[in-house]
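Colleague: I am new to this structure and would like to go through it part by part. Could we take it as questions and answers?

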Amino acid sequence: MKRRDFIINSALAVGGAALLAGCGKKEVKKSVNQVVRRKFDNLEMPLIALGCMRLPMRDGKIDMAELDKMVAYAMEHGANYFDTAYMYVEGKSENAIGEILKQYKRDSFFLTDKNPSYLVNSPSDVHRIFKEQLKKCQVEYFDNYMVHNINKGTISNYRDNDMYGELLKLKNDGLIKHLGFSFHGDPKMLKEVINEHKWDFCQLQLNYLDWEVINGDQLYEIAEEANVPVIVMEPLRGGALCNIPAKAAEKLKAECPDDTQASFGLRWVANKPLVFTILSGMSNLQQVKENIDTFVNYRPFTEKEEKVAHEIAQIIQSQGAINCTACKYCMEVCPRGINIPAIFGLYNLYKASAQPNAEFMFVTNYNALKEEERADKCIKCGLCNKNCPQGLNIPDLLADVLKKVEEVEKSMS
Ligand code: SF4
Ligand code: SF4
């Protein structure tokens, strides 16, 4: 099996560019504490990157002041890679990160965006959306660009509209530096997609839970065989690996006292040699600081830690949690506005909790949701299933959660 060599070097210059004042752009004061970087052929990126799917919010709007601080801190520490997408934060993520990044010299940061396969119905859609994205982000090119979310529901859009061919034209025009795809299908589909074109990279969902529970190990092996480097999304499974069941948390504390739940999960992903950037959806400055600290003081995973990760995955699996990452793609199509990720999130919190009042809290919090957003309003149309990258049967799971709510309510009456 062939594999290209990686170079890991925390002392490399930020983005290969000097960050100087001038041209009205903000000067970045580079900290001596720079995050580890990885190199793959002509791609060289910080190992940790700021995912812009879960941006800080205040009063229902993106908190631009907090985002400004988060970006400044990341830039100072060499974490100068930012990942957005057309639909993130209800379509507002691109504008927000573009507004902040315009303060910096263009060659001092990497900006990634994605063409939403689920909205592309003709080749011209690819170009229309791309142009709109350049404008929203206030840039003239994207460093990395992807066909977004190839899965069983969207693969026909991607193929029938030759999204690769259309994006290659934009790459040849210098508007895209590196072309890849993000993927949420099964191993058989990945094998087909990865080998049908010459991709610069792929973006996969990898974390120590999916490695065991779904098919993360198989997806990684396919990328390895195709010699295509990997950007990782959902390294902490939408935050679930920062909120692991009490029994698992105790184990982690006892066996890996120097780690937080987040640093443990991120270090696990970083240990895979084909991974050159890890996207973490950070929502406040504190999270940015913690994640950057993990990659400034980077320690490779040990064999003992691998064993702990395996045991924790088994504990989580035994709790019967729902594999929802809170991406909210389902909500974009739900005609009833059911708050699916919130409902699944509350259920998972309840399953992970060791507190004696967990059932009571679960039902109390469920009933705090707006009436129109609750599970009983689902009409079982199934539209949400097509958009779920985790392949969940959402209406059935909503029915299960509702049954549990009703059972608890009955036992309390
Ligand atoms: S099945 Fe239920 S949750 Fe899914 S889109 Fe239809 S109404 Fe919404
Ligand atoms: S149910 Fe699926 S689509 Fe909806 S938020 Fe969860 S993972 Fe995303």
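Modeller: Domain bounds here come from an automatic or database domain assignment. Bear in mind as well that this is a predicted model.

Colleague: Into which domains is the protein chain divided?

Modeller: The assignment gives two stretches of the protein chain. One covers residues 10–316 and the other residues 329–412. They are domain 1 (10–316) and domain 2 (329–412).

Colleague: How many residues does each domain give to the contact?

Modeller: Taken over C-alpha atoms, the centres of domain 1 and domain 2 are separated by 28 Å. On the side of domain 1 that touches domain 2, the classes are six nonpolar, five polar and one charged residues. The contact itself takes twelve residues from domain 1 and seven residues from domain 2.

Colleague: Which residues come nearest to ligand 1?

Modeller: Ligand 1 is surrounded by 15 residues. Elements α16 (383–387) and α17 (394–412) each give two or more residues to this shell. By class, the shell around ligand 1 has twelve nonpolar, one polar and two charged residues. The closest are Cys334, Cys378, Cys381, Cys384 and Pro395.

Colleague: Which helix gives the largest share of the shell around ligand 2?

Modeller: There are 15 residues around ligand 2, and Cys324, Cys327, Cys330, Pro341 and Cys388 come nearest. The shell around ligand 2 is made up of eleven nonpolar, three polar and one charged residues. The largest share, three residues, comes from helix α14 (residues 340–352).

Colleague: Is Ala326 buried, exposed or partly exposed?

Modeller: Ala326 lies in the loop between α13 (303–318) and α14. Its phi is near 60 degrees, a positive value in a residue other than glycine. A residue needs 20 or more other C-beta atoms within 10 Å to be buried, and 12 or fewer to be exposed. Ala326 has 18 C-beta neighbours inside 10 Å and therefore counts as partly exposed.

Colleague: Which residues of helix α3 are buried?

Modeller: Helix α3 (residues 93–101) is mostly covered, with seven of its nine residues buried. The cover includes β6 (61–62), α1 (64–76), β7 (81–83), α2 (88–91), β8 (110–116) and α4 (123–137). The buried residues of α3 are Ser93, Glu94, Ala96, Ile97, Gly98, Ile100 and Leu101.

Colleague: Is Glu90 buried or exposed?

Modeller: Glu90 belongs to helix α2. Its phi is near 50 degrees, which is positive although the residue is not glycine. Most residues other than glycine have a negative phi. With 10 C-beta neighbours inside 10 Å, Glu90 counts as exposed.

Colleague: Why is strand β9 largely enclosed by the rest of the structure?

Modeller: Strand β9 pairs with β8 in the parallel sense over five bridges. Six bridges join β9 to strand β10 (residues 176–183), and these two also run parallel. Strand β9 (residues 142–150) is largely enclosed because of its buried residues, which number nine of the nine.

Colleague: Which residue of β10 stands opposite Asn144?

Modeller: Asn144 lies in β9, where it is the bridge partner of Thr112. In β10, the residue opposite Asn144 is His178.

Colleague: Is Phe110 buried or exposed?

Modeller: Phe110 is part of strand β8. Phe110 has 21 C-beta neighbours inside 10 Å, so it counts as buried.

Colleague: Which residue takes a positive phi in the hairpin of β2 and β3?

Modeller: Strand β2 (residues 37–40) and strand β3 (residues 43–46) pair in the antiparallel sense over four bridges. Arg37 stands opposite Pro46 in β3. The hairpin has two residues between the strands, and the one with a positive phi, near 50 degrees, is Asp41.

Colleague: How many residues apart along the chain are Gln287 and Glu140?

Modeller: Gln287 is found in helix α12 (residues 285–296). Gln287 has 19 other C-beta atoms within 10 Å, so it is partly exposed. The C-alpha atoms of Gln287 and Glu140 are separated by 30 Å, and along the chain the two are apart by 147 residues.

Definitions and conventions
Residues are numbered from 1 along each chain as its sequence is written. Chains are lettered from A and ligands numbered from 1 in the order in which they are written. This is a predicted model: local features need pLDDT of at least 70, side-chain atom pairs count only at pLDDT 80 or more; totals for chains, interfaces and linings use all residues. A residue is near a molecule or strand if its C-beta atom, placed from the backbone, lies within 6 Å of it. Ala, Val, Leu, Ile, Met, Phe, Trp, Tyr, Cys and Pro count as nonpolar, Asp, Glu, Lys and Arg as charged, and the others, Gly among them, as polar. Two residues are in contact if their C-beta atoms, placed from the backbone, lie within 7 Å. Two strands pair if DSSP finds at least two bridges between them.
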